[in-house]
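Here's a quick briefing to read alongside the model. Keep the 3D view open and find each spot as you go.

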Amino acid sequence: MSAMSALRVVCLSDTHLRQPGELPAWCLRRLEGADLIVHCGDLVALSVLERLERLAPIVAVCGNMDAMPLKLRLPARYVAEIGEVKIGLLHDPGPVLERALRLTQAFADCDAVVFGHTHVPEIRRLGRRLILNPGSPTAPRSTLGATMLELAISSEGAIEPAFITP
């Protein structure tokens, strides 16, 4: 990686798919060739994870709707070290009240926290930390519609988040 290039990390969550063939084409195009895929839970079926693994390296956490094979394979929370940054991953079905504070406390050493469960995209800064939710590419619950999140991570450790829509 040259000093000018950035790592491209594509984040998604709450796909809720029973078959990997149900992933939308626009979603697959953005995932292919990513430096890393991050999935924040509720894949639902192991076959969906296996499909994503064929597109790019992936880190994922389990969600409350995931089938038992996923719950046995995936951690409930994870810290990914990507370049110079640490990103905490979690599927957070906890109360909305003080969620951002709860996430920053749970991942105190991380530069960003990416979480799923709400299906609502979010980019928020709390102190030095980014709180990020990619929304859902298949079951949206916001006026933005279907979304994912792309992170450009510079070699100096800067994180630039941007929503991806169809």
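Let's start with Leu132, which is buried, at a relative accessible area of 0% (buried means under 20% relative accessible area, exposed over 50%, and partly exposed in between, using a 1.4 Å probe and protein chains only). Keep in mind that this is a predicted model, where local features need pLDDT of at least 70 and side-chain atom pairs count only at pLDDT 80 or more, while totals for chains, interfaces and linings use all residues. Residues are numbered from 1 along each chain as its sequence is written, and side-chain values use heavy atoms, with hydrogens and water left out.

**Around Leu132**

- You'll find Leu132 in strand E8 (residues 129-133); helices (H or I, at least four residues) and strands (E, at least two) are DSSP runs, numbered from the N terminus.
- Leaving aside residues up to four places away in sequence, Leu132 touches Ala112, Val113, Val114, Phe115, Glu122, Ile123, Leu149, Leu151 and Pro161 (contact means heavy atoms within 4.5 Å).
- Ile164 sits 32 residues from Leu132 along the chain, and their C-alpha atoms are separated by 13 Å.

**Nonpolar cores**

- The largest nonpolar core has 25 residues, and Leu31, Ile37, Leu52 and Met148 touch the most other members (such a core is a set of buried Ala, Val, Leu, Ile, Met, Phe, Trp, Tyr and Cys residues joined through side-chain atoms within 4.5 Å).
- Strand E1 (6-12), helix H1 (25-31), H2 and strand E3 (58-60) are the elements that give two or more residues to this core.
- H1 is the top contributor here, giving four residues.
- Take Leu31: not counting residues up to four places away in sequence, Leu31 touches Val10, Leu12, Ile37, Leu52, Leu55, Ala56 and Met148.
- Another core, of 21 residues, lies apart from that one and has Val9, Cys11, Cys40 and Leu149 among its members.

**The five-stranded sheet**

- Five strands make an open sheet with mixed pairing, in the order E3-E2-E1-E9-E10 (two strands pair if DSSP finds at least two bridges between them).
- Why is one side of E3 and of strand E10 (159-164) left without a neighbour in the sheet? Both stand at the edges, and each has a single partner strand, so there's no neighbour on one side.
- Strand E2 (residues 36-39) and E3 run parallel and are joined by three bridges.
- His39 has Ala60, in E3, as its bridge partner.
- H2 packs on the sheet, touching E2 and E3, and its direction makes about 150 degrees with that of E3 (axes are lines fitted to C-alpha atoms, for helices over the stretch in contact, and angles run from 0 to 180 degrees between N-to-C directions).

**Salt bridges**

- How many salt bridges does a search of the whole structure find? It finds seven (a salt bridge is a side-chain nitrogen of Lys or Arg within 4 Å of a carboxyl oxygen of Asp or Glu).
- Arg73 pairs with Glu53, with the closest N and O atoms 2.3 Å apart.
- Arg73 lies in helix H3 (residues 68-73) and Glu53 in helix H2 (residues 46-53), so this pair ties together parts that are 20 residues apart in sequence.
- Arg73 is partly exposed at 42% relative accessibility, and Glu53 is partly exposed at 34%.
- Asp92 and Arg102 also meet in a salt bridge (2.6 Å, N to O); Asp92 is buried at 7% relative accessible area, whereas Arg102 is partly exposed at 27%.
- A network of salt bridges links Arg8, Arg30 and Glu150.
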